[in-house]
Amino acid sequence: MDEFMLPCLTKSFLGFDCPGCGGQRSLWLLVQGNFSEAFFMYPPIYPLVMLGGLVVINKFSPLKKYSFFVSVLAAISVASIIINYIYKLTY
């Protein structure tokens with residue numbers, strides 16, 4: 001499966017990681033059941049997966065407080081992506 005993953009264009013052309021670098025590999029580790037490795041590869045994977053799951057669930061069974069939950073999970077996802085990116089830049 002590793003040979004089918006898309007390369008990061010930012011890293012290829014500019015030479016540094018983008019805020020999403022590690023997301024594909026982390027999702028693949030999550031699918032394989034390597035939960036801790038997925039987290040250490042890309043910590044925002046869990047709020048992003050929860051957000052995606054919430055969107056899918058709402059598609060089939062609409063939720064009453066859907067917009068609130070989406071807003072909270074989106075804010076957590078964005079914050080974790082920014083924190084992870086700053087951490088990767090400094091270390």
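Start your tour by selecting helix 5, residues 66–90, which gives the nonpolar patch its largest share, four residues. Helices here are DSSP runs of H or I with at least four residues, strands are runs of E with at least two, and both are numbered from the N terminus. What you have open is a predicted model, where local features need pLDDT of at least 70, side-chain atom pairs count only at pLDDT 80 or more, and totals for chains, interfaces and linings use all residues. Residues are numbered from 1 along each chain as its sequence is written, and side-chain values use heavy atoms, with hydrogens and water left out.

**The nonpolar patch**

Now select Ile57, Leu63, Phe68, Phe69, Val72 and Ile76: together they make a nonpolar surface patch of about 520 Å². A patch takes residues with over 30% relative accessible area and no salt bridge, joining like charges within 9 Å and nonpolar side chains (Val, Leu, Ile, Met, Phe, Trp, Tyr) within 5 Å. Areas come from the Shrake-Rupley method with a 1.4 Å probe, and for residues only the protein chains shown count as cover. Click on phenylalanine 69, which lies in helix 5. Its relative accessibility is 38%, so phenylalanine 69 counts as partly exposed. Buried means under 20% relative accessible area, exposed means over 50%, and partly exposed is in between (1.4 Å probe, protein chains only).

**Zoom out**

Follow the sequence and the pattern reads α-α-α-α-α. The C-alpha atoms fill a box of roughly 45 × 30 × 25 Å along the principal axes. Of the 91 residues, 23% count as buried.

**A buried serine**

For a look inside, pick serine 26 in helix 2, residues 23–32. Serine 26 has a relative accessible area of 0%, so it is buried. Which residues does serine 26 touch, not counting those up to four places away in sequence? Select Ala38, Met41, Tyr42 and Ile45 to see them. A contact means heavy atoms within 4.5 Å.

**Aromatic rings**

Next, select Phe39, Phe40 and Tyr46, which form one aromatic cluster. Rings of Phe, Tyr and Trp (its six-membered ring) pair if their centres lie within 6.5 Å; planes under 30 degrees apart count as stacked, over 60 as edge-to-face and the rest as tilted. By this rule the count is four aromatic pairs. One of them joins phenylalanine 39 and tyrosine 46, a stacked pair with 6.4 Å centre to centre and 25° between the planes. Phenylalanine 39 is partly exposed at 38% relative accessibility, and tyrosine 46 is partly exposed too, at 28%.

**Two cysteines**

Move to cysteine 8 and cysteine 21. How many disulfides does a search of the whole structure find? The search finds zero. Cysteine 8 is in no disulfide, and its nearest cysteine sulfur, that of cysteine 21, is 3.2 Å away. That is too far for a bond, because a disulfide needs a pair of cysteine sulfur atoms within 2.5 Å. Cysteine 21 counts as buried, at 9% relative accessibility.

**Last stop: a salt bridge**

Finish with lysine 11 and aspartate 17, whose side chains meet in a salt bridge, 3.0 Å from N to O. A salt bridge is a side-chain nitrogen of Lys or Arg within 4 Å of a carboxyl oxygen of Asp or Glu. The whole structure holds one salt bridge. Lysine 11 is partly exposed at 45% relative accessibility, and aspartate 17 is partly exposed at 24%.
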